[in-house]
Amino acid sequence: MVLSYAEGLAKVLRTAHESQTQDALGRVAGKDVISPKSIPKYDTSAMDGYAICSEVTKNASPQTPVLLGVLGTIAAGDDPEEVIKQVRTDAVDTTNHCLEIMTGAIFPDGYDACVKIEDTVPENEHKGRSILIMKPVSWRANRRSVGCDILEGDVIIPQGKVVESSHILPLASVGIDSVPIARRPHVGVWSTGKEMVNGRGATRDTNGPYLTAAVKEMGLHADFLGVLADDPSALRDALQNAADSADFDVLITSGAVSKGKFDHIRGVLGQIGAEIIFHGLGVRPGHPVLFALVPGARGKTAFFGLPGNPGASSACFRFLIVPYLRALQGQPVAQPMLARLVRQPTTTKTKHGCHAMQDTDCFRHGVLSITATAKLGPFITANCWIHLRPHHSNAPASPTGADLVECYPLSPMGTIRFATTVLN
Ligand SMILES: Nc1nc2c(c(=O)[nH]1)N[C@H]1C(S)=C(S)[C@@H](COP(=O)(O)OP(=O)(O)OC[C@H]3O[C@@H](n4cnc5c(N)ncnc54)[C@H](O)[C@@H]3O)O[C@H]1N2
Ligand code: MOO
């Protein structure tokens with residue numbers, strides 16, 4: 001039958017946001033993936049053995065074994081009714097017969113349990129094939145009920161969750177081979193600063209490679225667009241062209257957002273009519289951070305002006321841009337792991353830093369990583385980001401009464417790995 005235009009269009013659009021499961025690995029599910037059926041679809045045997053009526057075995061013992069004739073064999077994939085029809089046309093007395101049944105095979109009507117093959121003794125002298133059962137078999141023993149694994153309507157992958165290879169097991173079992181995926185945001189990254197353009201300041205660009213890699217690590221598109229000199233017209237042209245191209249969902253610069261003579265980002269944004277959502281936050285490091293919407297030929301593009309100090313730009317990326325990129329894909333804010341600090345710092349400001357956490361209950365406070373945002377040494381030993389609230393005013397209370405702090409993996413997609421030695 002010919003598809004209607006509307007049906008065809010729906011298929012075209014669905015394809016745009018669906019990916020074969022193998023290709024969807026590492027991508028974010030754009031919608032809940034719902035099971036269309038219950039698994040197992042039928043009651044099946046959990047063991048190789050014989051489908052029996054358990055009631056008849058209630059008095060079974062070595063002295064009083066129960067003898068059952070074997071009608072036939074049901075293999076996985078067989079229709080039990082067909083198997084029975086092949087051997088009997090008359091009604092079967094289930095109290096003195098059984099059916100050999102293999103693991104995963106559909107249970108025949110009239111039998112409730114499977115007795116394992118090793119719990120039976122073959123008895124071939126009796127007419128036809130028979131077995132002896134020496135002990136009682138419990139009701140529905142070794143029988144898997146329909147839907148005992150996955151029920152029709154169960155959510156296999158919730159919207160916003162990253163698709164992983166382990167999802168393939170339940171997906172394949174219910175016959176799903178493609179997954180709706182969220183559109184992958186595209187991020188453009190620049191670094192700024194004369195010192196990195198001519199190299200005489202002996203400063204290497206750390207922010208550009210880091211930010212580009214960290215976005216890619218989230219499974220998203222990232223383009224490094226180069227290092228811009230401290231030249232307002234070069235900055236203006238780069239930002240305006242990128243916003244007009246509509247190629248990017250998010251634009252990021254690092255540097256030139258503070259109060260120095262060459263910190264031109266704010267001024268340039270004013271020239272191109274950007275809406276400044278904020279410039280400056282009560283957070284250390286990263287207080288000069290700027291967030292704006294840049295108008296372009298085809299709409300507004302989100303812009304983050306990160307401070308130049310690498311510790312500040314990476315913290316602002318983790319605590320502002322990662323949540324934004326997750327939200328673009330319909331993902332909730334990541335949940336932290338809670339930990340208690342060995343030395344409890346008091347702070348009047350929200351603070352972020354990278355730390356070496358010892359275990360889930362306590363960890364050492366890497367002071368340098370919070371106070372010296374130009375230093376990158378702490379990243380060598382750190383295994384997590386930490387979020388300190390001012391005075392821990394709203395901090396969640398631990399069972400022991402001590403304040404807890406929030407910790408996040410260093411990599412937005414990673415987990416916190418504990419070192420075997422204590423790191424200072
Ligand atoms: N008078 C004030 N001065 C500063 C303030 C302030 O409030 N008042 N804030 C300080 C803080 S905090 C930070 S953070 C920095 C941020 O300044 P900018 O965003 O304007 O950054 P720059 O001045 O361009 O660079 C600062 C520092 O970072 C180095 N840098 C820049 N980009 C990179 C890069 N891609 N890779 C590696 N290193 C980079 C740059 O060479 C400078 O050393 O301002 C303080 N000053
Ligand atoms: O952003 Mo600055 O410390 O706050 O480096």
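Modeller: Ala, Val, Leu, Ile, Met, Phe, Trp, Tyr, Cys and Pro count as nonpolar, Asp, Glu, Lys and Arg as charged, and the others, Gly among them, as polar. This is a predicted model, in which local features need pLDDT of at least 70 and side-chain atom pairs count only at pLDDT 80 or more, while totals for chains, interfaces and linings use all residues. Residues are numbered from 1 along each chain as its sequence is written, and chains are lettered from A and ligands numbered from 1 in the order in which they are written.

Biologist: How do the residues of the shell around ligand 1 divide into classes?

Modeller: A residue belongs to a shell if its C-beta atom, placed from the backbone, lies within 6 Å of the molecule, and by that rule 26 residues surround ligand 1, with N207, G255, S258, P307 and G308 the closest. The elements giving two or more residues to this shell are α5 (194-197), α6 (207-217) and α9 (310-328), where helices (H or I, at least four residues) and strands (E, at least two) are DSSP runs numbered from the N terminus. By class, the shell around ligand 1 holds eight nonpolar, 14 polar and four charged residues.

Biologist: Around ligand 2, how many residues of the shell are charged?

Modeller: Ligand 2 is surrounded by R284, P285, G286, H287, P288, P307, N309, A312 and T373. Of this shell, four residues are nonpolar and four are polar, and the number that is charged is one.

Biologist: Which residue in β15 stands opposite S191?

Modeller: Strands β13 (residues 186-192) and β15 (residues 250-254) run parallel and are joined by five bridges. The residue of β15 opposite S191 is S254.

Biologist: What is the bridge partner of G69 in β6?

Modeller: The other open sheet of six strands is mixed in its pairing and ordered β7-β4-β6-β5-β9-β8, with β7 (113-116) and β8 (120-123) as its edge strands. Within it, β5 (residues 66-74) and β6 (residues 97-101) run parallel, joined by four bridges. The partner of G69 is H97.

Biologist: Is D119 buried, exposed or partly exposed?

Modeller: D119 lies in the loop between β7 and β8, and its C-alpha is 8.5 Å from that of G49, although the two are 70 residues apart in sequence. A residue is buried if 20 or more other C-beta atoms, placed from the backbone, lie within 10 Å of its own, exposed if 12 or fewer, and partly exposed in between. D119 has 18 such neighbours, so it counts as partly exposed.

Biologist: Which element gives the most to the side of domain 3 that touches domain 4?

Modeller: The domain assignment gives, among others, domain 3 (186-328) and domain 4 (337-409). Their contact (C-beta atoms, placed from the backbone, within 7 Å) takes twelve residues from domain 3 and eleven residues from domain 4. On the side of domain 3, β17 (283-284) and α9 give two or more residues, and the element that gives the most, with six residues, is α9.

Note on methods
Two strands pair if DSSP finds at least two bridges between them. Domain bounds come from an automatic or database domain assignment. Two residues are in contact if their C-beta atoms, placed from the backbone, lie within 7 Å.
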